[in-house]
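Student: I'd like to learn how to read a model like this one, feature by feature. Can we go through it together?

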Amino acid sequence: MSGRQAAVRFAVSPASVSPWRARVRETGSCAPGALGGDRRSHQIEQHGEIILALVRETPDQTLKELRSRLAEKGLPIGYGGLWRFLDRHQIAFKKNRARQRARAS
């Protein structure tokens, strides 16, 4: 059937039929692809050694400080991407218990 006939049959716009047909030609299926997730982690991983070296150099820095140090090196990385990188490498910035406020007795 033609694209317009398919659009009427499935109650979609005629313009949306072409991408569906292309998907069937390319993949053999009209099933949707994966949605969401981290699509740019490979870009951050390319600079992984630099990031890990900065973390080893100053382990008690904040994400903001780490981002600014990376920006100085010409690596503008967002908070979310940097957080996911550190999470993948099991690096967490934990608060020092000695610095916590004294609790009321």
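Predicted model: local features only at pLDDT ≥ 70, side-chain atom pairs only at ≥ 80, totals over all residues.

Student: Which residues in H1 and H2 meet?

Tutor: Contact means heavy atoms within 4.5 Å. On the H1 side you have Gly3, Arg4, Ala6 and Ala7, and these meet Pro14, Val17 and Arg21 in H2. By class, the contact of H1 with H2 has four nonpolar, one polar and two charged residues. Ala, Val, Leu, Ile, Met, Phe, Trp, Tyr, Cys and Pro count as nonpolar, Asp, Glu, Lys and Arg as charged, and the others, Gly among them, as polar.

Student: How many helices and strands are there in the chain?

Tutor: Helices (H or I, at least four residues) and strands (E, at least two) are DSSP runs, numbered from the N terminus. Here the chain has six helices and zero strands.

Student: At what angle do H4 and helix H6 pack?

Tutor: H4 and helix H6 (residues 79-88) pack at about 80°, with their axes 12 Å apart. That makes H4 roughly perpendicular to H6. In H4, Gly48, Ile51, Leu52 and Val55 meet Leu82, Phe85 and Leu86 of H6. The residues of this contact divide into six nonpolar, one polar and no charged.

Student: Is Gln61 buried or exposed?

Tutor: Buried means under 20% relative accessible area, exposed over 50%, partly exposed in between (1.4 Å probe, protein chains only). Gln61 has 3% relative accessibility, so Gln61 counts as buried, even though its place is in the loop between helix H4 (48-57) and helix H5 (63-72). Across the chain of 105 residues, 21% count as buried.

Student: What does the side chain of Gln61 pair with?

Tutor: A polar contact is a pair of N or O atoms within 3.5 Å; within protein, one must be able to donate a hydrogen and the other to accept it, and residues adjacent in sequence count only if both atoms are side-chain atoms. A polar atom of the Gln61 side chain lies 3.0 Å from the backbone oxygen of Leu54. The side chains of Gln61 and Arg69 are joined by a polar contact of 3.2 Å. Leaving aside neighbours within four places in sequence, Gln61 is in contact with Leu54, Val55, Leu66, Arg69 and Phe93.

Student: Where does Ala11 lie, and what is its phi?

Tutor: Ala11 lies in the loop between H1 and H2, and has a positive phi of about 55° although it is not a glycine. Ala11 is exposed, at 69% relative accessible area. Gln90, in the segment after H6, also has a positive phi, near 55°. With a relative accessible area of 75%, Gln90 is exposed.

Terms used
Residues numbered from 1 in each chain as written. Heavy atoms only, no water. Axes fitted to C-alpha atoms, helices over the stretch in contact; angles between N-to-C directions. Parallel < 35°, antiparallel > 145°, perpendicular 65-115°, else oblique.
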